[in-house]
Amino acid sequence: MSVGRAGLDQAGVDVVVVGGGIAGASAAANLAMNGLSVVMLEKQESYTDIVRGEWIAPWGLREAQLLGVEDAFGVGGSWEIREWTQWDETVAPDEAETVDMTRFVPGVGGPMSFPHHTVCELMAEQAEDNGATVVMGVQRAHVTKGVNPVVRYQKDGVAHELRPRMVIGATGRGCTIGRQIGVSMATSVHHWGGGVRVSGIDDWPMDVQAMGTEGDKMFMVFPQGEGMARLYINFPTTNKNRYRGPDGTARFIADFELDCLPDRGKSVYAAATAIGPLKVWPSVAMFPEQSIVTDGVVLVGDEAGNADTVLGTGLSCSLRDTRSVCEVLTGGDDWSPAAFESYLAERDFRMKRLHFGADIIAKLHCEFGPAAAERRRRARALMAENFAASVTGLLNMVPPEDVPDFGFSEFFAERLFRETV
Amino acid sequence: MTTKDSLLTDTAHVNGVDIAYVDKGTGDPVVLLHGFPDSHYLWRHQIDPLVEAGFRVIAPDLRGFGGSSKPQEVEAYDMRTIVNDVVGLTQHLGIARAHIVGHDWGAAIAWMYAFLMPRRVDHLAVLSVGHPGVFSTPSIEQRAASWYMLFYQFPGVSEQLLRRNGWRLFKEIMGGEGDHQRYPRELAKPGALTAALNWYRANRSPAAELRVESNFPPVLAPTLGVWSTGDKALLEEGMTGSAKFVKGPWRYERVEDASHWIPLDQPEQVTKLLLGFLGTERAVLPTRRRRL
């Protein structure tokens, strides 16, 4: 599994992928499938739950199909979620509306929730089965950009060096490779988020996901089948230490006792048992300040810049990135920065829309207090009156380019929030 | 992935296919036959205790499953062909006569093996699935039971339909029973799903249903039938009704608190039942009709 000392002068490596998450592992699997010589480097010794994205939009699953990695989701414990019920403190539990999510993208069905680490593991195995070298437990990966890029890393205290034709940087929000090649990020934090994977919620309808706001938290329940689910809570930055301490997980689960859920959320708070760690994080939006493509290196996934996690499109974005980049690498011999122009243009367009949408969702659902609740009540009324007002929610279903243009106008945002009349 | 879930010791080329199998221990041979969509791994809790009790355990991956060949054509999965795989494997291992134990489709194979090859069978133990004669005249209740529905669904269900939406239909059909998290992983391997479905296509196609086979030779071996109260798919009468097809000594055991996957849900009890049965009874010897 590991590249030995021979790796120092290992000739003929086409691509080194740094980072074995959804973006990196899907790239490694696709490139290996297409006959390229691939080495994938992953920091973890083995894949475990480190609380990463576990919800993927139908349009992201379409990307997985195009990449040929959809079975990693299906057999890695994915569960198709069919309905989305919009419980919220501004609506009575039995009056909350339900949206059928299975019909937005032909040939795909609803979004999926899944244990992130098992899906990554299966993609890495798929890459290996197709001839890629997967190195786990990699430390101090370092990339030197250039027409002939160099990748150095340590494994078990031994230094290794690779000289591939191309490096894919996919280290996530840490932006390790990006910083090494001189890409800095402008960031903004709107709120904080936390998540834990649970089992035992047998009375929660496994077809139904929940997203809503009550008091000072925005909650999400994403079923994973068999009484399991990923729970998330978004909360104000001022309260970022709320789940600190040894009983943080218990308090997190107890926070699902909510007036706006049927039976006050009893099927969650009284039944859930954590089956993984609780993690909290600042929900950062990141905007690259330099090009994410340079000689010998291309960035994908969160490492290339990402929208606020509240939107839930991070994984879908990662797979779209991977597909675009893999198409260049498997489509011809020109791997120069110029060959990635369409990737850059498409990503730029896509991220503008996702940032715009995420800002609306964050403002609507992740701001708290009476004024914010009143704003949600008004927005809901507007959506009930005219379905077109829920256009932003389409970003969770169809690719950004398929969402009608009016959803990205300042006029629409102002209208939605009734800031001007 | 496979390596983690495998106890396989060897592979043999018999009856035109490669059959991977476990061969462990010395003593009277016991052949363990798994069903759908399992492999030898179904018997992981029974293999060692049987070996320790002085048996030689042979647990193959039947064709189409696990580490064995997966022909893609439906005709390759005729029951008689699969029975011949077991004959070929035991011959290859120099075994003339063995205890035969089967679960689910493996039980169906075991029944057929027992009445087609009476001299090769010592004791017969069948779990979950009763004698095929009972099924040729299914009751209304049995028709309504879900496994029976599956019997009719799987031949027509496409690979694409089972795989779509993250194997959602497959997961719904299997529920949270057996090795439900492992099955899709196994079936996602190249050719595996088609091979597994071919078991149904070859043996439960509408055409096969029209052929009513009723003249089954009697089973002469001492026979143990086991059925579990948590089996959502098969009715108790399928097993108890099998008694009339058995001429040898017949025992019936009902297992509580177990789904269809009895060897996984009540591993110790299954081991105990097998140890208390295999080699304890005397067979009715097959009589050869004298030529006049």
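Helix 1 of chain A is mostly covered in this predicted model: eleven of its twelve residues are buried. Among them are A:I22, A:A23, A:G24, A:N30 and A:L31. The helix runs over residues 22-33. At 1.5 Å a residue, its twelve residues should span 16 Å, and the end C-alpha atoms are 16 Å apart, so the two values agree. Just after this helix, A:G35 takes a positive phi of about 90 degrees.

I turn now to chain B. This chain has 13 helices and eight strands. It contains 292 residues, of which 55% count as buried. Of the contacts in chain B between residues at least 6 apart in sequence, 76% join residues at least 24 apart.

Next, the interface. Chain B contributes 16 residues to the contact and chain A contributes 18 residues. On the side of chain B, the residues that lose the most area to chain A are B:N165, B:R168 and B:R185, together 45% of what that side buries. The area buried between the two chains is about 1300 Å², with 46% given by carbon and sulfur atoms.

Three salt bridges are found between the chains, and seven residue pairs are in polar contact. Helix 7 (159-174) and helix 8 (183-187) of chain B each supply at least two residues of the side that touches chain A. The largest share, seven residues, comes from helix 7 of chain B.

Key
Residues are numbered from 1 along each chain as its sequence is written. Chains are lettered from A and ligands numbered from 1 in the order in which they are written. This is a predicted model: local features need pLDDT of at least 70, side-chain atom pairs count only at pLDDT 80 or more; totals for chains, interfaces and linings use all residues. Side-chain values use heavy atoms; hydrogens and water are left out. Helices (H or I, at least four residues) and strands (E, at least two) are DSSP runs, numbered from the N terminus. Buried means under 20% relative accessible area, exposed over 50%, partly exposed in between (1.4 Å probe, protein chains only). Contact means heavy atoms within 4.5 Å. The expected span of a helix is 1.5 Å times one less than its number of residues. Buried area is the accessible area (1.4 Å probe) that two parts lose on being put together, summed over both. A salt bridge is a side-chain nitrogen of Lys or Arg within 4 Å of a carboxyl oxygen of Asp or Glu. A polar contact is a pair of N or O atoms within 3.5 Å; within protein, one must be able to donate a hydrogen and the other to accept it, and residues adjacent in sequence count only if both atoms are side-chain atoms.
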